[in-house]
Amino acid sequence: MQKKQNALVLGGGGFVASSWITGLLTGMAEAGIHVRDADVLIGTSSGARVALQLASDAAMEEMFARQVGAGSHVGRPSGVLDMERIQREVARAKELGGDRTQILQRYGQLALSLEASDRRALVATQLPMARWPERCIRLIALNAETGLRRAFDRESGIDLVDAVCATTASFGSAPVWFEGQPYIDGGYHSSDNCDLAAGCDRVLVLALKAPPWATRLVSLEEGLAQLRESGAEIECIQPDDEAMAAIAAAGSPMNPAVFDPVTRAGKAQGLRVATQRTNKAFW
């Protein structure tokens, strides 16, 4: 009998997402629910960073401690973005209409027009490994010229550091050029891209609740519906009320002050999830 394939999907959302997900998984593991050994890891933007941490040899407690203290050594942006202009351009990209790809092409044109910082050297120092691990890991980026997604993995031929830079290249970060094409944050298509887990039998999705100003075009609900159509058994966990209170109090998703409180809130939720969970045999 063929073994069922499990996928763990980790959504993006800046420092908030990586902190909440790391805390959540730590709390679940402490309570006896271990999901880091999924057959497939899919990470978008900051979720990609967590996926690589899970693929490393680091213990969950070590990952938790590092995330709690990350605010003291996180890289600071080299320039100041004109967020009002970006919000106007994003709104206009949507208002002009067309299909999803056309709107994402406009996002890409905006990304290519902005003054951008090169983060490659910094990102290289932050990763838990220098080369792609043997695990099946897919890091999701968006082609800024075609508006199409690409799932980078160890067979893609792209350097791991470049793949991480691509999936985290939000507005103001330099796009990554690979095979003559520029790539930016896959979160502009979807903050989780969970539909790309199609083909797996069981899928656990960890994703933030999208704020009203979210730029992503495909909602989590739409992605989950597409995934269900593929026949996958799905479980989705988002921040509960207690975790949402910590996230709201922390401020901006890219505020270094979020690391400690949001990671701890995630762990507390992970312990609650383990207590309240009815389908304990899911994994």
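**Figure 1. Overall view of the predicted protein chain.** A residue is called buried when its relative accessible area is under 20%, and by this criterion buried residues make up 52% of the 283 residues in the protein chain. The model shown is a predicted one, and its chain holds 10 helices and 8 strands. Along the principal axes, the C-alpha trace spans about 50 × 45 × 35 Å. The radius of gyration of the protein chain is 18 Å, which agrees with the value near 19 Å that a compact globule of 283 residues would have. Of the contacts between residues at least 6 apart in sequence, 79% join residues at least 24 apart. The accessible surface comes to about 13000 Å², and carbon and sulfur atoms account for 50% of that area.

**Figure 2. Close-up of strand β6 and its pairing partners.** Strand β6 covers residues 181-185, and because 4 of these 5 residues are buried, the strand is largely enclosed by the rest of the structure. Strand β3 (residues 136-143) pairs with β6 in the antiparallel sense over 3 bridges, and A141 has D185 of β6 as its bridge partner. In the hairpin of β5 and β6, 2 residues lie between the strands, and E179 takes a positive phi near 55°.

**Figure 3. Close-up of the nonpolar cores and the surroundings of W20.** In soluble globular proteins, nonpolar side chains tend to be buried together. The largest nonpolar core in this model has 55 residues, and those with the most contacts inside it are L8, W20, L54, F152 and L206. Helix α1 (residues 14-30) contributes the largest share of this core, namely 9 residues. A second, separate core consists of 16 residues, among them V9, A197, C200 and L227. When residues up to four places away in sequence are not counted, W20 touches L206, A207, L208, I237, Q238, P239, A243, V262, G266 and Q269.

Figure 4. L122 lies in helix α6, which comprises residues 120-126. Its relative accessibility is 37%, so L122 counts as partly exposed. Between L122 and V40 there is a separation of 82 residues in sequence, and the distance between them in space, C-alpha to C-alpha, is 27 Å.

Key. Residues numbered from 1 in each chain as written. Predicted model: local features only at pLDDT ≥ 70, side-chain atom pairs only at ≥ 80, totals over all residues. Heavy atoms only, no water. Buried < 20%, exposed > 50% of the residue type's maximum accessible area, 1.4 Å probe, protein only. Pairing = 2+ DSSP bridges. Core = buried A, V, L, I, M, F, W, Y, C linked by side-chain atoms within 4.5 Å. Contact = heavy atoms within 4.5 Å. Rg over C-alpha atoms; globule rule 2.2 N^0.38 Å. Areas by Shrake-Rupley, 256 points an atom, 1.4 Å probe, with all protein chains shown as cover.
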